[in-house]
Amino acid sequence: MVGIAFIEKLLNLDEANRYRIVTCGEELHLAYNRVALTDYFQHRSVEKLYLNQFEWYARQDPERFLFHTCEQVTSLDTLGQNVTTSEGRTINYDYCVLATGSESTLPPYIPPERAERTQGIFVYRNISDLDKILAYSNKDGVSGGRAVVVGGGLLGLEAAKAVFDLESIAKVAIVNRQAFPLSRQLDNEGGEIVLRRIEAMGVEVLTKTSVKDITTSPEGIFTGLILSDDTHFEAQMVIFAIGITPRDDLARKSGLTCHDKGGIIVDGSLKTSADNVYAIGECASWKGNTYGLIAPGIEMADILSFNFTQVETGVGGFRPRQMNMPDLSTKLKLMGVDVASFGDYFADKGINQQGGKAIPVEVKVDIASLPKVESNKPSAEKAAPVWEIKIDETANPSGATSKDAAGADKSDRAHIRKRAALGGPVECLTYRDPFAFVYKKYIFTADGKYLLGGMMVGDTSDYVKLMSLVKKKKVIEVPPSELIIGSGKKGEDDGADLDDDTQICSCHNVTKAAIADSVKAGVSTLGDLKAKTKAGSGCGGCMPLVTNIFKAEMKKAGHAVSNNLCPHFAMTRQELFTVIKIRKLKTLTDVMESAGVKKGSIGCELCKPVIGSILSSLYNEHIMEPAHHANQDTNDRFLANIQRNGTFSVIPRIAGGEITPEKLIALGQVAQKYKLYTKITGGQRIDLFGAQKQDLPCIWEELISAGFESGHAYGKALRTVKSCVGTTWCRYGIGDSVGMAIYLEERYKGIRSPHKLKGGVSGCVRECAEAQSKDFGLIATDKGWNIFLAGNGGSIPRHATLFATDVPPSKVIRILDRFLMYYIRTADKLMRTARWVEQFEGGVERLKKILLDDDLGICSELEKEMDDLVGSFSDEWATVVKDPVKRRQFRQFANTDERRPLVEEITERGQPRPADWPKQFPPAKIHSSAIRVPKAEWRWRRLASVNDLMPSNAGTTSVAVKYGDSQLAIFHIPHKGYYATQQMCPHKRAFVLEHGIIGDDADGNLYISCPLHKRNFRLNDGECLNDDEYSIIAFDVKQEGDELSLLLPEAEDLDAVIGTNKWMVRQATAEAVNRGGEGIEIADVNGTDPDAVQAAEGCGGSGGSCSGGNSSLEW
């Protein structure tokens, strides 16, 4: 495996075709995956284990690569630089790489001649061994008998699982001289879990036992073992898995220096004692160690292929890579149990992975020892060293150097502290679940800041993430306990929180970035990914994470992932935009009839806002018109951003951040009059928070009179164009940044787009307006403006891309017109310009061709469309305040002018704000069965008129009504009638459901979508369609003439269950819930016995319990 890995890497890196590779393999087969040998017992097909199929070899240029099978190298002449094979072939070489691997070890009491003449003795190393085991297990006298495996390590458990799965073998036993299996990877506690799991499978495990000898029949057939206590253990076949021995016989015969314990001695560059001869993999001994795991071997292949090709190149030289202490982390599935160990997993035992203390060494690297790539021919004379590197790793006992004594600089001191922490005392966290066969132990520095290593049994899902923390020596950003018990994250891990250089496949050193790059390069199947990167082709333990990352990257790249808008439209936003534009559709009804999957559908919370945005981008009609109002999310519906307490924010436009004293005073007066919280935003505007919905028209009427207009902070539209003072005041200013910012904000105000837009203009390169973090930004130069596009902050920041340089001011606008209009046309729903550009086919360079060079011939069309859109602007709030019908829609309740606070108001730093939400509300399933009076005794009660809802065939409508202390929501759906529910969404105890979007799903279920966090409640029964931890009460509605009546119990009975006072969040609510839930009373949430429900006077009031007798629900 290491040999073929080296070949692949060398072929890939040798772009100059300097090398011709000739390989000899003694086995009949092509290179196969030895780590997956156990699978061979299932499918019996060696081709399924091949690391590369026949086609790969056939594609290789024979002038670059030849592979001889069934041909063993029998002699190596290091002076003549040639090898002789078992076929009598002599092959000359410039460089020879030995990757002869290792062979299974037999105990001293079974010398080779005894093993040869005794039937029933096997090792577990290659395909030939497995074929022999399979054949022997089916023999008479063996079939139905017992197989015993000697050795409880990695190889032993693999062998045991292989024979355990054989139908011909009735019993399997393992003999292990340690107390528990896997003693080199796990401590006793972890080994015990594995032992229990193995025994639960029916496998007999003999621990603390060794074998003294074997017994045979007179015919030389194996019959059993003589154990250390002289007892006889009967068995029909035995597999020895007690270790491996490096295959260094060819090297020893050729005069290469080998280690006394076995292995060809190599230096840090993997060079042997002979010139131009290298050794890699299990046959190589580096610093006295040989490595039986695949990962160190792959690392050797990486190093050697790099040094052969990259030390001297046409673009300059590079320092040769050197062998470092390899990572011996492992992750395997053994006997059906997931097992992993990573980092320094025995750090708490005071020993390292080699079984002893690390020894400081002095390393010398001579460049002359590395291959010269300018010629394939052997040199006649030795070249003088080009340079020498001396690394002295010896340190005094304290770990301090002479520099420490002299006084290190700040960064050095930080490094010393980190080194001291990593080398100092340790603390362990352990988790043990014997019922699920799960064990975890993670080892940390004493301060808990660094993870040093650990082991896992049963659950290895966090292996890659934790191994990355250890390798990078990263400071842990969460409490250590969270690493072992989790943070409550649900769902499959797609690696989104992993760094690009995180190693996903340790067998072949495949990083997350390599998987992503493969997808970008056109890889579209997991099979192709494995073939290209080798990820998952070793032990296979990484495949779940590899699969999830691959799917995530495929989705990110837009491959084989449905990008349909929603179940109502089998097309993307871009396609729907084109359909609406070409067919000149102007309402949701028209769009659904023309392009919807089901023509009678009413849409959903996904497609309605998108269609509303598209219609606004094309026609810019007022969004509160009946045909458009129902399409808007709550923010657009009420022309204000809804806040967590159900109130709204008021944000007038302050173009470019420039404002007069008179306007500042007007804002202050309005805030003071309506008791609003005020804050200056990062976008150079002033926000007024806490406005009651019913006050919004009056507030805006006063602001408009003071010269303000809507800032469109509520819409997916242009928010602000931030500016510095530029030439207006700044002594460094080159461009008039304020004037340009105001012009741009005035031009693009009000245009709807797939996502919000922000701009910035800086008057010089000092960049005080942060223009390079905006969707579009300008920076003044002495020749004009540099235009930057597609930057943004947020959760995934992106630095804007320089799109055009030194653009004259008169040309800036048209470039931005084209960019914004093309983005509006083609971006997906809720896609920021940053993601749009990142996913744009051909990237920024292609976008330049389209928007600067007019490659598609659409620039004039884009400019005209922007002119038309800009010309259609009207201030949405100015229209509302003049229209009594539109103003009526801002009432809190349709049946009373009474006001009801929704969340307790507190004062902080002299300003009002809503009381805190608890960190986590408990689930709440509210049913009508919690009401004391049975539904049969409820009565019809008139609460609204038809005119209150202003029903229309153009779209859905809704209002809130007050009944006693309870708040209810009534909905009208064209052609389907009236529905009613409680107004409060139990997810965050928010009285906002009437503000939400009414939709239907693929099955025709009608629902209301909560505007805060999109919990969708079915209108006919209140069940939550997308979160089964919540439900609400739905009520019957009937129309009698112009009156609407709801079937309800008495007000006090309903208040006891959904009353505002009961559910309203107070500061005490958060404090009590965060303390553990004592003293807060909430209505019954499970529909328990109505007789058990008692009234309460509110949170912490003097009334009885509202938990329906279920104490676990009192919080």
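Buried residues account for 53% of the 1115 residues in the chain. Buried means under 20% relative accessible area, exposed means over 50%, and partly exposed lies in between (1.4 Å probe, protein chains only). The model is predicted: local features need pLDDT of at least 70, side-chain atom pairs count only at pLDDT 80 or more, and totals for chains, interfaces and linings use all residues. Residues are numbered from 1 along each chain as its sequence is written, and side-chain values use heavy atoms, with hydrogens and water left out.

The chain holds 35 helices and 55 strands. Both are DSSP runs numbered from the N terminus: helices are H or I with at least four residues, and strands are E with at least two. Contact means heavy atoms within 4.5 Å. Among contacts between residues at least 6 apart in sequence, 63% join residues at least 24 apart.

Helix packing was examined next. Axes are lines fitted to C-alpha atoms, for helices over the stretch in contact, and angles run from 0 to 180 degrees between N-to-C directions. Angles under 35 degrees count as roughly parallel, over 145 as roughly antiparallel, 65 to 115 as roughly perpendicular, and the rest as oblique. A crossing is left-handed if the near helix is turned anticlockwise from the far one by less than a right angle, and right-handed if clockwise.

Helix 1 (residues 2-13) packs against helix 9 (residues 294-310) at an angle of about 30°, with the axes 9 Å apart. Helix 1 is therefore roughly parallel to helix 9. Their crossing is right-handed. On the helix 1 side, the contact is made by Val2, Ala5, Phe6, Lys9, Leu10 and Leu13. On the helix 9 side, the residues include Gly297, Ile298, Ala301, Leu304 and Phe308. Phe6 and Phe308 also belong to a cluster linked by ring pairs, together with Tyr19, Tyr95 and Tyr278.

Helix 17 (residues 573-583) and helix 18 (residues 588-595) pack at about 105°, with their axes 11 Å apart. These two helices are therefore roughly perpendicular to each other. Leu576, Val579, Ile580 and Arg583 in helix 17 meet Val591, Ser594 and Ala595 in helix 18.

Helix 26 and helix 28 (residues 843-851) pack at an angle of about 115°, and their axes are 10 Å apart. Helix 26 and helix 28 are therefore roughly perpendicular as well. Their crossing is right-handed. Arg818, Phe819 and Tyr822 in helix 26 meet Leu847, Ile850 and Leu851 in helix 28.

Aromatic rings were then paired. A pair of aromatic rings is described by the distance of the centres and the angle of the planes. Rings of Phe, Tyr and Trp (its six-membered ring) pair if their centres lie within 6.5 Å; planes under 30 degrees apart count as stacked, over 60 as edge-to-face and the rest as tilted. This rule gives 28 aromatic pairs. The rings of Phe638 and Phe648 have centres 5.7 Å apart and planes at 65°, so this pair is edge-to-face. Phe638 lies in the loop between helix 21 (634-637) and strand 31 (641-642), while Phe648 lies in strand 32 (residues 648-650), 10 residues apart. Both Phe638 and Phe648 are buried.

The rings of Phe819 and Trp836 have centres 5.8 Å apart and planes at 55°, so this pair is tilted. Phe819 lies in helix 26 (residues 809-826) and Trp836 in helix 27 (residues 833-839), so the pair ties together parts 17 residues apart in sequence. Phe819 and Trp836 are both buried.

Charges also sit over rings. The rule requires NZ of Lys or CZ of Arg within 6 Å of the ring centre and within 35 degrees of the ring normal. Lys586 lies over the face of Tyr619, at 4.9 Å from the ring centre. Arg766 lies over the face of Tyr732, at 3.7 Å from the ring centre.

Single residues complete the account. His995 is in the loop between strand 48 (990-991) and strand 49 (997-1000). At 4% relative accessibility, His995 is buried. Leaving aside neighbours within four places in sequence, His995 is in contact with residues including Phe638 and Phe648. Lys864, in helix 29 (residues 859-871), is exposed, with a relative accessible area of 52%.
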